Each structure stands twice: as structure tokens, then as C-alpha cells.
Amino acid sequence: MKRFLQRIFLGLLVVSAAGCSDTPSFGGLFGGSSSDGLSVKQSSQANPNAPLLKYAASIHVVPYVDDRKMGNPKKIGTGAENVSGMTGKDILLDQDVATIVTRAMKKNLDDAGFQVTEASGNKSIFELSGVVRELTYNVKYRDEVAINVETTLKDSTGKVVWSGVVVEKKTRFAGISGDDKTDVANFLKKELNVVCSKTTEAVSAMLMAAHPELFNLTPGTR
């Protein structure tokens, strides 16, 4: 009786394995395919070094424009087949490049103490916009990241008060074990925040020099 039950159990296993054509591959188990896209999310937590009170200077951030020649607004490079947890050739983000850059810029301005307004109808003292000229991540022998972002700041009359371009290029050796999906996302986020941080520092320095009254310590503002 025992042997009979064992044969039935083994038979069920064979049938189950033969019928599961959708059984996930190892790539699916360890992060999914490249179609899932890299997630480059900004932290929702406040920067511990951020000012306790917001400055009187308010900035409305207009969504950045993707001026790259990629064709796909989510594509940033190639070499996905060399990354654990990804398949295919192209490295894709889970959102458009312009959206990710815009959110990173907003986060850096907020951490710097500016009042970042969301809706275009809000009355802001300044308006910030920009163009993503380059944002690539290619996985070869070394990971190669190249970012080029142009940013323009206007006052309430539409006059340009500051404009600049920040370029960041960096390579890294992923190590003997190679890349995985999380490593790639974290490295890209780090380099993007370098670009946004440099932009924010330049904007802050210019505004503090031109409009010191917006940065004086008064009730409710800094």
C-alpha cells in the first residue's frame, strides 16, 4: 500500500511539472526581467541636514524635458544581460527619464530648504525648468554612467536669473560577482543626486547673493 501511494505521488509531481509552462526562471526569482524596469525612487524621509524651517523663497518646478535620442523615454543603455535579475539587452527604468530627474530635483530643493510648489497655478517667486541632454547607464567590463542636465531659473516676470549645465560621468567595477538590479539602481540614483545637488547649490548661492531678504530668519520662515 505504501509503495502504491508513493507511485501516485510521484505521478502527480510529473504531471504538475509538465503542465507548468509558466514556471518562473531564475531571472524571475531574483528580480524579474528588464521589462520590470529599474526603480530609482527618492527617499520619502526628510534629510537630517535640512533646515528646520523653510526659506521664504518658493520655487515651482516645471517637469524636465527629455532631449536624449534614445527613442524609448525609459531606456538608459544596454548590457542588461550582464545584470542579475534582468534579461534582454536594453536597460530600462520603470518610469520616464524626465519624471525621475524632475522628482530628484524637487527632493534636493526641498532638502535645501526651499518651498517647492507642485501645481502650476500656485504663486511662486521663481520657476525652475530644464532639459535632460544625456542620461545613460551601460554595463560593460565596467559600469559607465553619463548624465548631462541643463537647468534654468526664472523669476515671476519670466526673466532668466540663472542657467547652468551640470555634467557627471563615472565608471565603476561591479566586482567579481558582477552586477545585480539593485546595485545598478542605487549607483544611478547616487550619480543623479550628485547632479541635482550641484544644481541646487548653484541656485542657492545665486539667490542668497541676489535676494538675501528671502533667507533672513523671520517668524515662520528661515
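Let me start with strand β7, residues 126–139: ten of its 14 residues are buried, so the strand is largely enclosed by the rest of the structure. Buried here means under 20% relative accessible area, exposed means over 50%, and partly exposed is in between, with a 1.4 Å probe and protein chains only. Strands are DSSP runs of E with at least two residues, helices are runs of H or I with at least four, and both are numbered from the N terminus.

This is a predicted model, so local features need pLDDT of at least 70 and side-chain atom pairs count only at pLDDT 80 or more, while totals for chains, interfaces and linings use all residues. Residues are numbered from 1 along each chain as its sequence is written, and side-chain values use heavy atoms, with hydrogens and water left out.

Now the neighbours of β7. Two strands pair if DSSP finds at least two bridges between them. β7 runs antiparallel to β8, residues 143–155, with 13 bridges joining them, and Gly130 stands opposite Thr151 in β8. The two strands form a hairpin with three residues between them. β1, residues 58–61, pairs with β7 in the parallel sense over three bridges, with Val61 opposite Leu128. β2, residues 65–66, is also parallel to β7, over two bridges, and there Val65 has Val131 as its bridge partner.

Next, the core. A nonpolar core is a set of buried Ala, Val, Leu, Ile, Met, Phe, Trp, Tyr and Cys residues joined through side-chain atoms within 4.5 Å. The largest one has 45 residues, and those touching the most other members are Ile76, Leu128, Leu135, Tyr137, Leu153 and Leu188. Its largest share, ten residues, comes from α4. Leu153 has contacts, meaning heavy atoms within 4.5 Å, with residues including Ile59, Phe126, Leu128, Trp162 and Leu207.

On to the rings. Rings of Phe, Tyr and Trp (its six-membered ring) pair if their centres lie within 6.5 Å; planes under 30 degrees apart count as stacked, over 60 as edge-to-face and the rest as tilted. The whole structure has five aromatic pairs. One of them is Tyr55 with Phe215, edge-to-face, at 4.9 Å centre to centre and 65° between the planes. Tyr55 is in the loop between α2 and β1, Phe215 is in the segment after α4, and they are 160 residues apart. Both Tyr55 and Phe215 are buried. Ring pairs also link Tyr55, Phe114 and Phe215 into a cluster.

Which charged residues tie the chain together? A salt bridge is a side-chain nitrogen of Lys or Arg within 4 Å of a carboxyl oxygen of Asp or Glu, and the structure holds twelve. Asp110 and Lys54 form one, with the closest N and O atoms 2.7 Å apart. Asp110 lies in helix α3 and Lys54 in the loop between α2 and β1, so this pair ties together parts that are 56 residues apart in sequence.

Lys198 and Glu168 meet in another, at 3.6 Å, N to O. Lys198 is in helix α4 and Glu168 in strand β9, so parts 30 residues apart in sequence are tied together. Glu168 is buried, at 9% relative accessible area. Glu191 and Lys170 also form a salt bridge, at 3.8 Å, N to O. Glu191 is buried, with a relative accessible area of 0%, whereas Lys170 is partly exposed at 32%. Together, Glu168, Lys170, Lys190, Glu191 and Lys198 are linked in a network of salt bridges.

Technical notes: Lists of a residue's contacts leave out its neighbours within four places in sequence.
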